[in-house]
Amino acid sequence: MGNSESLASGGNTSRGAARKPFYTFDELRRPEHAVAAGFAAQLQNNGSYPPGVPHTYEDVADELDPPSLDRPDHTRGFALVGKSAKALRDADFWVSIDTGSIAFRPSKIEGGQYFHPMPEADTQFGLLPAPENRVEEQNIGGYHQAVIDLGDQPAGLKWNVVARLVTTDSLARPGSKKAQELRVERVWVARQDHQFRSEPMGNQEDECRCLVLVTTLELSGEKCRVVISDAELGSPLEGEEDTAATTDEFDAQVPVLAGLGDGLYPINLLRNSDGAVTAVSVRFLHW
């Protein structure tokens, strides 16, 4: 599998004036926060964003452009080129999207990469053995989802599903009047103390601009796990009981539009300086 990212705790940056390079989501969602509000203001100026700094995905869902990529033949793999191919090779896990949306839910099933072959529609998603758990070998059609083992997590910490919005001309430039499409570039399942990286205005890797809250998950205690799947094609996994509780978890899912639509997308684990997983990211667009 790929390399998990490791993030140090916040501090002051050396770029000119002292500036904190990391922020929690709770800090960023304050309307007066300059880093979070700056990019939203740019989008508002060119008409790609509703007035005001949003707090939830629901606030902006109607403004997002619909998916434009479609995989008509589900028995074939996805086309992987350029930066998206490299991102998948370096990923810890991956997920396939065929209905344009992604979703997250808690589970107690064994962590790992799961695969559903085609056209055996009545089979469950099965856990891939370790030697087969490589994206190049598994991009052969069918459906993919992942169960992320977060390990033992402290009680009382909430986990936010957070989406980052961008425009399709890479990032909005100050004063640009060009019509742009508003898309979800990345989604995180982030513990409330996770530190998002802040970069200078205009840097495409700035994680702090235009983040919106999708939903909150209850993930605490021993052996916390989260399922990442297509919002409509997810189903009980192999070994997972099809109970009323599982049905409730599916019903509670909040779908998020997946960037440009159908595709095979990388999942990466992000850890703090102690090695604990504090966030899981799924990236749809690569600049």
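Modeller: Buried means under 20% relative accessible area, exposed over 50%, and partly exposed in between (1.4 Å probe, protein chains only). The model is predicted, so local features need pLDDT of at least 70 and side-chain atom pairs pLDDT 80 or more, while totals for chains, interfaces and linings use all residues. Residues are numbered from 1 along each chain, and side-chain values use heavy atoms, without hydrogens or water.

Biologist: OK, so is D90 buried, exposed or partly exposed?

Modeller: D90 is partly exposed, as its relative accessible area is 37%. D90 also forms a salt bridge with K86, at 2.7 Å from N to O (side-chain nitrogen of Lys or Arg within 4 Å of a carboxyl oxygen of Asp or Glu). K86 comes out at 47%, so K86 is partly exposed.

Biologist: How many salt bridges does the structure hold?

Modeller: There are 11. Another one of them joins R76 to D73, with 3.2 Å between the closest N and O atoms. R76 is exposed at 57%, whereas D73 is partly exposed at 30%.

Biologist: What about R164, what does that pair with?

Modeller: R164 bridges to E185, and the closest N and O atoms are 3.2 Å apart. That pair links distant parts of the chain, from strand β8 (residues 159-167) for R164 to strand β9 (residues 182-191) for E185, 21 residues apart. Strands here are DSSP E runs of at least two residues and helices H or I runs of at least four, numbered from the N terminus.

Biologist: Are R164 and E185 buried or exposed?

Modeller: Both R164 and E185 are buried. They also belong to one network of salt bridges with shared partners, together with R186, R197, E207 and R283.

Biologist: Switching to rings. How many aromatic pairs are there?

Modeller: Two in the whole structure (ring centres within 6.5 Å for Phe, Tyr and the six-membered ring of Trp; planes under 30 degrees apart are stacked, over 60 edge-to-face, the rest tilted). W188 and F196 are edge-to-face, with 5.1 Å between centres and 90° between planes, and both are buried.

Biologist: And which residues make the other pair?

Modeller: Y265 and F284, with centres 4.9 Å apart and planes at 85°, so this pair is edge-to-face as well. Y265 sits in strand β14 (residues 263-271) and F284 in the segment after β15 (277-283), 19 residues apart. Y265 is buried at 6%, and F284 is buried at 6%.

Biologist: Last one: where is Q253?

Modeller: Q253 lies in the loop between α6 (244-251) and β13 (256-257). With 14% relative accessible area, Q253 is buried. Its C-alpha is 9.7 Å from that of P106, although Q253 and P106 are 147 residues apart in sequence.
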